[in-house]
Amino acid sequence: MKHVPEIRLTPTRPALDARPLEKRVGLIILATDHTTEPDFRRMVASDRIGVYVARIPYANPTTPENLRKMQPSLMAGAALILPDEPLDAICYSCTSASVVIGDAEIEAAVQAGKPGVPVVTPPMAGVRGLKALGARTISVLTPYTVETSRPMAAYFAAHGFEIASFTCLGFEDDREMARIAPASLVDLAREAMDEKADALFVSCTALRAALAVVGMEEAIGRPVVTSNQATAWNCLRLCGDDEPRAEFGRLMTLPLGQ
């Protein structure tokens, strides 16, 4: 048996930084989510901003009933992200569930587990993004069924937008939504865009739409706001990061509005 040296305890401890990274963004995502983490690594994470993730239970199909079932898990999911340490923002990354459950209810549930943290939801960030772009009349593209799309239409109408057109793809499984190629989304955006609309909102955090924003904007000649792009933009601005990121669309060059 080889000799094992005596283990020496250093008499001094190194000084500690206040935080490993200056800013912290929490993500609560679905157990089935393939897309949000890679998107936030691209758009948010840096040597200054850390992204920390908790997954909560979710079972397909994507129906209003199944979406509502996530609400009881939100508090526990939020509490699991760096317990007893503050966050600069926390995002619940599900557009359709945020609409069905309600932004205020999600904020209350998340803050019950993580008091005082600013809460971001995709539809809330989408509204802020569309307003920052000056859009009043919009077209909407979703991968959902008609049943799951109806609350989305009502949400944007309730926030004061005129909806020129609304197109859905009829998917029921978010894992299949994640497999739609970004290039296909460019073609779909062209078909979904109404000439009277000021901008296009592409819903769903499962879609790899953030990778297609520039292509979609070039194809339709109007600004495009997508779920993950909008939440990333909102979280960056809450962290005090105002750097333009034009490679992710026009929205990523703008400040956070009121």
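Where is Pro-61 found? Pro-61 sits in the loop between β2 and α2 (64-68), with helices (H or I, at least four residues) and strands (E, at least two) taken as DSSP runs numbered from the N terminus.

## Ground rules

This is a predicted model, where local features need pLDDT of at least 70 and side-chain atom pairs count only at pLDDT 80 or more, while totals for chains, interfaces and linings use all residues. Residues are numbered from 1 along each chain as its sequence is written, and side-chain values use heavy atoms, leaving out hydrogens and water.

As for accessibility (buried is under 20% relative accessible area, exposed over 50%, partly exposed in between, using a 1.4 Å probe and protein chains only), Leu-82 is partly exposed at 22%, whereas Asp-84 is exposed at 83%.

## The sheet

Four strands make an open sheet in the order β2-β1-β3-β4, with parallel pairing; two strands pair if DSSP finds at least two bridges between them. β2 (49-56) and β4 (119-120) are at the edges with a single partner strand each, so one side of each has no neighbour in the sheet.

Strand β1 (residues 23-30) runs parallel to β2, and eight bridges join them. Leu-30 has Ile-56 as its bridge partner in β2. Helix α1 (residues 36-43) lies across β1 and β2, at about 160° to β1. That angle is between N-to-C directions on a scale from 0 to 180 degrees, with axes fitted to C-alpha atoms, for helices over the stretch in contact.

## Cores and rings

A nonpolar core here is a set of buried Ala, Val, Leu, Ile, Met, Phe, Trp, Tyr and Cys residues joined through side-chain atoms within 4.5 Å. The largest has 57 residues, and Leu-130, Phe-156 and Met-216 touch the most other members. Leaving aside residues up to four places away in sequence, Leu-130 touches Ala-135, Ile-138, Phe-156, Phe-161, Ala-199, Phe-201 and Val-225, where contact means heavy atoms within 4.5 Å. There is also a second, separate core of 22 residues, with Ala-78, Ile-101, Ile-106 and Val-119 among them.

The whole structure has three aromatic pairs. Rings of Phe, Tyr and Trp (its six-membered ring) pair if their centres lie within 6.5 Å, and planes under 30 degrees apart count as stacked, over 60 as edge-to-face and the rest as tilted. Tyr-155 and Phe-156 go edge-to-face, at 5.4 Å centre to centre with 75° between the planes. Both are buried: Tyr-155 has a relative accessible area of 9%, and Phe-156 has 0%. Ring pairs also tie Tyr-155, Phe-156, Phe-161 and Phe-201 into a cluster.

## Helix α11

Eleven of the twelve residues of α11 are buried, so the helix is largely enclosed by the rest of the structure. The buried ones include Trp-233, Asn-234, Cys-235, Leu-236 and Arg-237.

How does the length of α11 (residues 227-238) work out? At 1.5 Å a residue, its twelve residues should span 16 Å, and the end C-alpha atoms are 17 Å apart, which agrees; the expected span is 1.5 Å times one less than the number of residues. Just after α11, Gly-240 takes a positive phi of about 80°.
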